[in-house]
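Here's a quick briefing to read with the model open. Grab your viewer and follow along.

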Amino acid sequence: MESSDPNAPLRNNVRLLGDILGKTLKAQVGQALFDKIEKIRQLAKEVCSNDKQATQLLNEALQSLTPAQTLVVARAFSHFLNLANLAENVHRIRRTRWHAQNPHSLPHLGSIEATLLSFKEKQIDTNKLSRLLNVLKIDLVLTAHPTEVMRRTLMQKFDKMAHLLFYLDDQQLTQAQIEEGQIELYREMTAIWQTDEIRRRRPTPIDEAKWGFAIIESSLWPVLPRFLREFDTQLEQIMGIKLPLLTNPICFSSWMGGDRDGNPNVTAAVSEKVCLLSRLMAAKLYARELTKLSASLSMSCANDALRAIVGEVNEPYRVLLTRLKRRCLATCLWINSKLKGIPVPQQPILEHIKDILDPLLLCYQSLEDCNASCIAQGELTDLIRLVGCFGVTLTRLDIRQEAAKHSQLLDEITRYLGVGSYIAWNEAQRLAFLNQQWVRTTFVMSNISLSNEAQEVWDTFVMMSTQLPDSLGAYVISMASQPSDILAVCLLQQAADLKKHLRVVPLFETLADLENAAFCLDGVLACQWYLKHIRGQQEVMIGYSDSSKDAGILTASWALYRAQEALVAVAKRYRINLTLFHGRGGSVGRGGAPAHLAILSQPPGSVEGRLRVTEQGEVIRNKYGLPMRAYRTLTLYMTATLEASLLAQKEPKPSWRALMDDLGKSAYHAYEEVVKANDKFSDYFQSVTPQREIGTLAIGSRPMRRNVSQGIAGLRAIPWVFAWTQNRLLLPAWLGVGDALKLSISEQALIKEMVADWSFFRSLLSMVEMILTKGDLEIFAYYEQKLVPSELHFVGTLLKQKFSECTQKIKEVLAVNTLLARNPILQRTIALRSPYLYPLHVLQAELLLRERAKPQPNETDDTKDALKVTISGIAAGMQNTG
């Protein structure tokens, strides 16, 4: 139960883990170097207390280290931060448990209980809630965006340490058990220290997909049925209704091995292999579950329907489940044979969800008929719900490709047909061709000789036609801008003779594309054959990353809000169900925000029981790495989606809209003036951030740039945000906001009203407030002084001035004297990490200076390795990267 000082266990864990790391360091690097590390740590704490003399002493101590010592120190402080993250994650779960165990505590905000009680208090019609639950679909899409810097093997070791901390919480442990638990922590820490934390090779798309499967196996698979069971229990107790057995409100999709946008490593062959590996994992997991379930269902009483299948045997349930398990194992054998390229055995395998669901439902009904409902509603119900969520394919793989690639393929087709150049045609000509070919396709692809690039695009469509329909999800078109981009993919699927077409999802990313999104959707829905083809369901993806990089955080956020409103209006006019797919990153600069807050900040009418959102990089590990964290994440997504769908949301007033229009224009002008109009900004960015060095980290299969351009325009949003996070300016998440908030007296009164009454606006400013708190001008100035030529310092002077102005304006608008004054937990989190982050920043700036001064950098020397460790350590301390 909760102690009188709720943070005491956290402090105890931090102290324990620090002692264990110290013991490890003494044993591994010796007393002398350990003493240096301790001196640096003590000086860093004094620096964080604004001791100027300590700052000078610390900087001198760090600069005097040899390359080998630098690597050890960087590793030590990086692991301090990893352990701090671990302790805080454990404490969050601990606090949630305390809350649940205390009968006198109020329901936790965002919990199932709190949400359903609020529905009851607001007299939400239970029939309306039941109808919503029957159509509710929350699709969480795991992506391989390169923002996870920690190696998987280290994640597993840190997860084991987390479980050991939970074990040590047990008040019933003997002193001997406590000591053994602490020894086991020391063993794990020693193993971590002796494990190379630097990836020596870039992961392949297959590696990334396997990492996603591992998250599902270790966390989401065991958590999902427990979560749905708890939801069902609370639903019945509070609202008096049940969650139907075959209702599956949550599912998981993946981009790992399917996202080929700008990634030449993702080919048709890779996507096919990922589909097979996903099915293989599902079959293995079901075989494991059936073994456990078979052990439980030892009963002999069965209804006639089950007897008709298994005969007059003594243990009918075990007989049926054993047959089903054999089919799972046969599926594993079949897939392994296919992966090895050897003849596949001819025997029944899992191909459709009914292959596994029907036998389970037969057992369920038999138990119900035999007066064993309590047994049916235990492990068997859990497995049925797992099947409903994961099917026989585990996840559905989305395919993502850039619109221009489809245009290139169609251009080669139209040239072959002798009807002109598809690329050269205007939109009307393209639509005329696509409409004609949809009615009567006049080309046979096998007769056309394609370029290598176009052939790969076509091979993807052919691959799609050979997969189980449930293996694939959506076909996402990046950089979509006009109706022909959508219709082109429909035609290519028809040409490839897909049995079941993937839904075609345009992705609107840039500011211009967001402003044009509703016009594009209107145009494609005006096509009669397309409207009939989609059967009343349309999905649209909106990109937070590129829009923020293109226009700045405030302008992009308002453009995203307005685009969603306009898309919803178009969908209503055509009487179709619209699903908005949110392409959010982990950082604020790429649309990141707490899930509950983000969903409730969407425009009214934009959720309606349908939500799709990307989960990527380090966010996947933070949200789903530990089962209890995964449970909390699923809870927040469920409750927020229900609230957004059922509770009336306040429409923004016309005066709020008008002011937001003005703020957006002011912010965009300020952002553009700095990032785009200043011809020295790109040089400054390259100097003051480790952007080039981040490119050497093997953290993802995808290249850092969309094209060969070396400017900011060609740089992807992830390294753009990642780089500014490292030097603590975090520019993408605030630039332009301070300029926009230079308000008149009348506007100041209106903006206070918007903060108080408009969740979208309050959420936006809260995220900027958090980012400004994480920023540090002194650390940023150190990077500038070390790394930037003096003739470019005028850029930094401007940026520092804008950061300070933005901080002041946010304080004024939120009416606070100190940032995060209302969020002591986040203040504590930042304060805990500061003494360990500061040395890493100083080391990183020094190492960048040394590395850039080398005529011919050595790929494997200590300086380069230490630099990589500082990048990963700072990413851990900041708790987001890109």
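What follows covers a helix pair, some aromatic rings, a couple of charges over rings and one serine.

Keep in mind that this is a predicted model. Two helices, α19 and α22, pack at an angle of about 5°, and the structure holds 30 aromatic pairs.

**Helix packing**

- Helix α19 covers residues 511–525 and helix α22 covers residues 553–573, and their axes run 8 Å apart.
- Angles under 35 degrees count as roughly parallel, and α19 and α22 are therefore roughly parallel to each other.
- On the α19 side, the contact is made by Leu 511, Leu 514, Glu 515, Ala 517, Ala 518, Leu 521, Asp 522 and Leu 525.
- On the α22 side, the residues in the contact include Ala 559, Leu 560, Arg 562, Ala 563 and Ala 566, plus Leu 567, Val 570 and Arg 573.
- Sorted by class, that contact has twelve nonpolar, one polar and four charged residues.

**Aromatic pairs and a cluster**

- Out of the 30 aromatic pairs, one to look at is Trp 438 with Trp 529, which is stacked at 4.1 Å centre to centre with 15° between the planes.
- Trp 438 belongs to helix α16 (residues 427–439) and Trp 529 to helix α20 (residues 528–533), so this pair ties together parts that are 91 residues apart in sequence.
- Trp 438 is buried, with a relative accessible area of 16%, and Trp 529 counts as buried at 16% relative accessibility.
- Phe 461 and Tyr 475 have ring centres 5.2 Å apart and planes at 15°, so this pair is stacked.
- Here Phe 461 comes from helix α17 (residues 452–466) and Tyr 475 from strand β4 (residues 472–478), so the pair links parts that are 14 residues apart in sequence.
- Phe 461 and Tyr 475 are both buried.
- For a cluster, go to Trp 558, Tyr 561, Trp 656, Trp 758, Phe 760 and Phe 761, which form one aromatic group.

**Charges over rings**

- Arg 75 has its charged end over the ring of Trp 193, 4.1 Å from the ring's centre.
- Arg 612 lies over the face of Phe 581, with 4.4 Å to the ring centre.

**A serine in α22**

- Back in helix α22, you'll find Ser 557.
- Is Ser 557 buried or exposed? Ser 557 counts as buried, at 14% relative accessibility.
- Leaving aside residues up to four places away in sequence, Ser 557 touches Phe 760 and Leu 764.
- Phe 760 also turns up in the aromatic cluster.

Notes. Residues are numbered from 1 along each chain as its sequence is written. This is a predicted model: local features need pLDDT of at least 70, side-chain atom pairs count only at pLDDT 80 or more; totals for chains, interfaces and linings use all residues. Side-chain values use heavy atoms; hydrogens and water are left out. Axes are lines fitted to C-alpha atoms, for helices over the stretch in contact, and angles run from 0 to 180 degrees between N-to-C directions. Helices (H or I, at least four residues) and strands (E, at least two) are DSSP runs, numbered from the N terminus. Angles under 35 degrees count as roughly parallel, over 145 as roughly antiparallel, 65 to 115 as roughly perpendicular and the rest as oblique. Contact means heavy atoms within 4.5 Å. Ala, Val, Leu, Ile, Met, Phe, Trp, Tyr, Cys and Pro count as nonpolar, Asp, Glu, Lys and Arg as charged, and the others, Gly among them, as polar. Rings of Phe, Tyr and Trp (its six-membered ring) pair if their centres lie within 6.5 Å; planes under 30 degrees apart count as stacked, over 60 as edge-to-face and the rest as tilted. Buried means under 20% relative accessible area, exposed over 50%, partly exposed in between (1.4 Å probe, protein chains only). A charge sits over a ring if NZ of Lys or CZ of Arg is within 6 Å of the ring centre and within 35 degrees of the ring normal.
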